[in-house]
Amino acid sequence: MSHVGPRGRTCSRTLRSVALLTSGVLALPVLSACTSEPDESDTTSAATPDVAPAARKWVEQGGTVRWAVDSVPATFNAFQADADATTGRIAEAVLPSLFTLDRGGRPQLNPDYLESAKIVEREPKQVVLYKLNQQAVWSDGRELGAPDFVAQWRALRGKDSAYWTARNAGYERIEKIERGANDLEVRVTFQKPYADWKSLFSPLYPKDVMGTPNAFNDGARKELKITAGPFKVQKVDRSGKETTLVRNPRWWGQPAKLDSIVLSAVPRNKRAAALAAGRLDVAEIDTGAAKRIALAVRDKGSHGAEQLTHGPGAAITPASALRSWAEAYGSDDEKAEEAQETRQRTAEAVDTYAKEQKGLAGFEVRKSLEPAYTQLAMNGESGPLSDERVRRAVARALDRQELADLVLKPLGLKAKPPGSHLALAGQQAYADSSRALGKQDTHEAQALLADAGWTPGGAKKKPAGTKAGSEGEGTADERKKDDESSEDKGGATGTKAGAKDAPAAGDAASDEGLYIIGDDKPGNAAPRPESAVYILAPAPAAAVQGVALRHQAARADDSEPRQQTVNAAQDSHDKKPGGMAGAYAPRGTAAPAPSPGSSEALAQSGPLGKDGKPLTLRFVLPAGESGDALRSVGERISRMLDRIGIGTEITKVADAGYFKDHIASGDYDLALYSWPASAYPATDGRPIYAKPIPASDGSLLVEQNYTRVGTDHIDQLFDRAASELNEKTSRDLVRQADARIWAAAGSIPLYQRPQLVAAKPGLRNAGAFGFEAPRYQDIGYKKAGAMGPDLTDKKKK
């Protein structure tokens, strides 16, 4: 099931093939030690393209590829709110993209449109000079030039509300656009530095589309008359749910090998049947369809095409299926009569399945890892998960490797849990920052829950007049007091005098503890409406936990001997009165961790509660057939949480309303959904993790941050990264932001999503692209007589 985040109330920009769907800078202590510099495994992408590559000389001229997509596009304008993945795919094939992504997810200059593009001035303002390809023309014969850049900037900069734009990130930073030394040069001057300038003007639309609000809003919704790519849009058949692209006769680059590409809107659960019937040549599929193709190919070679294989070694024919029915009902005429209609339907289904298997044997599955990851999202707006300690406990209870293995190992794909929210392995910004939170640790999770006041037996109702919690001490929540903190230019936060183990000045940043959303500036005593969502006052214990967490991350060392030493020292300390049960638990707030297998450990693994209420989280999952994988992951997570005493109530909801009615609206405690990776994390990551802002009507503006968990410091790091023109410094700031996101524990990346594509064996340069942008002019069928598994040129293009 493809669940990629929808648009929030405000969107920043659209990622390459997925429609995503925005300050002052305060110097704060950084988490540089919480992130690891990329090692060899980090910089080697796991998303290796599987596209049956072939040099152009081995690709036949002509032919049509019928390509499955999710929908007929509602609009061809990728900058509108209802643009989707199909809009993006069409834009890739028919419009200029000044920079495209390579297999490592890095932006590369596209020589079909640019001779060069670089920053030519940094002071007093950033200036980028684009030199256009001298042959680049629109399909009406007009040259690409400054007028197109100007029209797109004016439409997207956000100053004219008549343009119904969905995003303007980057364009609002441009001060002016001018013609350079000649018509082929475009000078773009920024009023504020912008690190992700390569993301702009891709796709680039002609001034005819961007020039006026009417043209922008309506002109490119149902047709796109002027294009500048290897293909152009020939027709849109909305009743037949097909969009046809044909070779562009005015294309100046290497001509497209195919005559046409037909994009057919076919639901995911019907693609196997469409492939088998010969209505598609290439389609992204789910794991169920991939298994069917693998079995069909195997059975064709071993058992014959007429047999069905429902499992290893189990071949079933329509006749044998009917015999099974007869054996099940025996000689009972009444039962046999009642079951006759069911048997007939079963026979027809089996026969249909057998025919489809025969058709599927003519395909192969190309697989990679999609440039997107699936995460466990925790709604921090209210309820138990508004407490940072509970979110961290959930995170520490998860065995992410087990979950990644569950999804990816059966497919033969690399199963390494992502270490970043903002980049994936192989990308330049990638670094494993997960140590800012810590690895799976049941004892640490239990200690966090105990400190938050969730204890065995806490769900029992207390006698009238009796305080919840232990005699004379109260629960952790009853001991909670507001920190007296202040922010100076260095970002140091003070701790209330007398608090145990108070951090030294400068150890804690302004986003420590439990304040997740709302106004976290001290001294705000203004009256507040009851309906608004506000800051949760951080307890001294939580502040100490936050500092301990970051100190632990700063000292983190992957070497086993050091870890053993730390554990031994901790075990020794835990035996002393007032010792800590774990790195997160302040002294005196949690009991020492019991030895595994002891009766005490078993008691702690039972249901937890507080103030007479059990700790139960509502886990929302899609109910549809294509959501099987997510439900399997969700059920495994539920078992992991049950081990530490957290109950889960799994709620299965309709796929159509999964995001709109539950994720985007905040109607969930736990949920699973995916975000695509970006080549521009400073720009694209901010709206996903930005601190929600209370609106005047009491609602919460969350942009795309559906966990409602954020801090000022994270926002500031994104702002600084987006304005930093030194690429290495910008990447370092992104990594620091990611470490903070891990520590806040609003979302936990679990695994990179599998990308499975069914394709005709003879189709070349198409399939599971991974990060790499498709090169549409090179897609086609293998030339007759081409031999050998490696049809690519030895010399890299």
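Okay, to start, one definition: when I give an angle between two helices, the axes are lines fitted to C-alpha atoms over the stretch in contact, and the angle runs from 0 to 180 degrees between N-to-C directions. Also, please keep in mind that this is a predicted model.

So, helix packing. Helix α11, residues 388–397, packs with helix α13, residues 442–451, and their axes are 8 Å apart at an angle of about 165 degrees. Anything over 145 counts as roughly antiparallel, so that's what we call α11 and α13. Who makes the contact? On the α11 side we have Arg389, Val390, Arg392, Ala393, Arg396 and Ala397, and on the α13 side Thr442, Glu444, Ala445, Leu448, Leu449 and Asp451. The crossing of α11 past α13 is left-handed.

Here's a second pair. Helix α12, residues 400–408, and helix α17, residues 628–642, have axes that come within 10 Å and cross at roughly 155 degrees. These two are therefore roughly antiparallel as well, but α12 passes α17 in a right-handed crossing. From α12, the contact uses Glu402, Leu403, Leu406 and Val407, and from α17 it uses Ser632, Val633, Arg636, Ile637 and Met640.

Next, helix α2. How many of the 10 residues of α2 are buried? The count is 9, so this helix, residues 85–94, is largely enclosed by the rest of the structure. Among the buried ones are Thr87, Arg89 and Glu92. What do they pack against?

Let me pick out Thr86, which belongs to α2. Its relative accessible area is 3%, so Thr86 is buried. Setting aside residues up to four places away in sequence, Thr86 touches Val69, Asp70, Ser71 and Pro73. And Ala265, 179 residues away along the chain, has its C-alpha 9.1 Å from that of Thr86.

Val69 and Asp70 turn up again when we look at Arg271. That arginine is in helix α6, residues 271–276, and at 2% relative accessibility Arg271 counts as buried. Ala68 and Arg271 are 203 residues apart along the chain, with their C-alpha atoms separated by 7.7 Å.

On to the aromatics. The model has 20 aromatic pairs. Take Phe99 and Trp197: this pair is edge-to-face, 5.8 Å centre to centre, with 90 degrees between the planes. Phe99 is in strand β2 (residues 99–101), while Trp197 is in the loop between β7 (185–190) and α4 (207–210), so the pair ties together parts 98 residues apart in sequence. Both Phe99 and Trp197 are buried.

Another one is Tyr130 with Phe149: the ring centres are 5.4 Å apart and the planes are at 50 degrees, so we call this pair tilted. Here Tyr130 comes from strand β5 (residues 127–132) and Phe149 from helix α3 (residues 146–156), 19 residues apart. Tyr130 and Phe149 are buried too. These four rings also belong to a cluster linked by ring pairs, whose members include Phe79, Tyr171, Phe201 and Tyr205. And there's a charge to mention: Arg157 lies over the face of Trp153, 4.7 Å from the ring centre.

Last bit, the backbone. Most residues other than glycine have a negative phi, and most peptide bonds are trans. Which peptide bonds are cis here? Glu123 to Pro124 is one, with omega near 0 degrees, and Ser202 to Pro203 is another, with omega about 0 degrees. Pro124 is in the loop between β4 (114–121) and β5, and Pro203 is in the loop between β7 and α4.

For positive phi, look at Glu703, near 50 degrees, and Asn765, about 65 degrees. Glu703 is in the loop between β22 (700–701) and α21 (712–723), and Asn765 is in the loop between β24 (763–764) and β25 (780–781). Buried or exposed? Glu703 is buried, with a relative accessible area of 12%, and Asn765, at 12% relative accessibility, counts as buried too.

Key:
Residues are numbered from 1 along each chain as its sequence is written. This is a predicted model: local features need pLDDT of at least 70, side-chain atom pairs count only at pLDDT 80 or more; totals for chains, interfaces and linings use all residues. Side-chain values use heavy atoms; hydrogens and water are left out. Rings of Phe, Tyr and Trp (its six-membered ring) pair if their centres lie within 6.5 Å; planes under 30 degrees apart count as stacked, over 60 as edge-to-face and the rest as tilted. Helices (H or I, at least four residues) and strands (E, at least two) are DSSP runs, numbered from the N terminus. Buried means under 20% relative accessible area, exposed over 50%, partly exposed in between (1.4 Å probe, protein chains only). A charge sits over a ring if NZ of Lys or CZ of Arg is within 6 Å of the ring centre and within 35 degrees of the ring normal. Angles under 35 degrees count as roughly parallel, over 145 as roughly antiparallel, 65 to 115 as roughly perpendicular and the rest as oblique. A crossing is left-handed if the near helix is turned anticlockwise from the far one by less than a right angle, and right-handed if clockwise. Contact means heavy atoms within 4.5 Å.
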